[in-house]
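A short report follows it.

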Amino acid sequence: MARCTPSAVVPSCRIISLARYACLLEAVHRPELRGILQHGTGLRVQARDLLTRAGATDPDRQGDQFVAFVDGLLFDRLAGAGALSAPQPGTAASRADLGAAVRRLLRALSGT
């Protein structure tokens, strides 16, 4: 799963990510599956640390928001309307576009 990053949206990562989203949506209706929500805990810890080092004013809250924003961006690219207009996944254009979006988000959250 660690290899499935915004810069590596390739077919195998796409399948894994779509399966993860399906599981998360199923957990909304089946309380016994809610344990899978813990998957995002490690990512949130890393994002909080990143934003602390970047000088964010509220790194805990902003780290959680960063993960949510990036997750939403990826969902949009994989299953939402963004899939209709974004560059082809796995291409240099797609990596550049996603990278630019994440850099803008980090600047906004860190105030730089």
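## The model

This is a predicted model: local features need pLDDT of at least 70, side-chain atom pairs count only at pLDDT 80 or more, and totals for chains, interfaces and linings use all residues. Residues are numbered from 1 along each chain as its sequence is written, and side-chain values use heavy atoms, with hydrogens and water left out.

## Helices α2 and α3

Helix α2 spans residues 41-53 and helix α3 spans residues 59-78. Helices (H or I, at least four residues) are DSSP runs, numbered from the N terminus. The axes of α2 and α3 come within 8 Å and cross at roughly 125 degrees. Axes are lines fitted to C-alpha atoms over the stretch in contact, and angles run from 0 to 180 degrees between N-to-C directions. The two helices are therefore oblique to each other. Angles under 35 degrees count as roughly parallel, over 145 as roughly antiparallel, 65 to 115 as roughly perpendicular and the rest as oblique.

Contact means heavy atoms within 4.5 Å. Leu43, Arg44, Ala47, Arg48, Leu51 and Thr52 in α2 meet α3 residues including Pro59, Gly63 and Phe66. The residues of this contact of α2 with α3 divide into six nonpolar, three polar and four charged.

## Gly63

Gly63 is found in α3. Gly63 is buried, with a relative accessible area of 0%. Buried means under 20% relative accessible area, with a 1.4 Å probe and protein chains only. Leaving out residues up to four places away in sequence, Gly63 touches Ala47, Arg48 and Leu51. Gly63 and Asp49 are 14 residues apart in sequence, and their C-alpha atoms lie 7.7 Å apart.

## Helices α3 and α5

α3 also packs with α5, at an angle of about 155 degrees. Their axes are 11 Å apart. That makes α3 roughly antiparallel to α5. The contact of α3 with α5 divides into ten nonpolar, three polar and two charged residues. Among the α3 residues that meet α5 are Phe66, Phe69, Val70 and Leu73. Val102 touches Phe66, Val70 and Leu73, not counting residues up to four places away in sequence.

## The nonpolar core

The largest nonpolar core has twelve residues, including Tyr21, Ala47, Leu51, Phe66, Val70 and Val102. Such a core is a set of buried Ala, Val, Leu, Ile, Met, Phe, Trp, Tyr and Cys residues joined through side-chain atoms within 4.5 Å. Helices α2, α3 and α5 (92-110) each give two or more residues to this core. The largest share, five residues, comes from α3.

How values were computed. Ala, Val, Leu, Ile, Met, Phe, Trp, Tyr, Cys and Pro count as nonpolar, Asp, Glu, Lys and Arg as charged, and the others, Gly among them, as polar. Buried means under 20% relative accessible area, exposed over 50%, partly exposed in between (1.4 Å probe, protein chains only).
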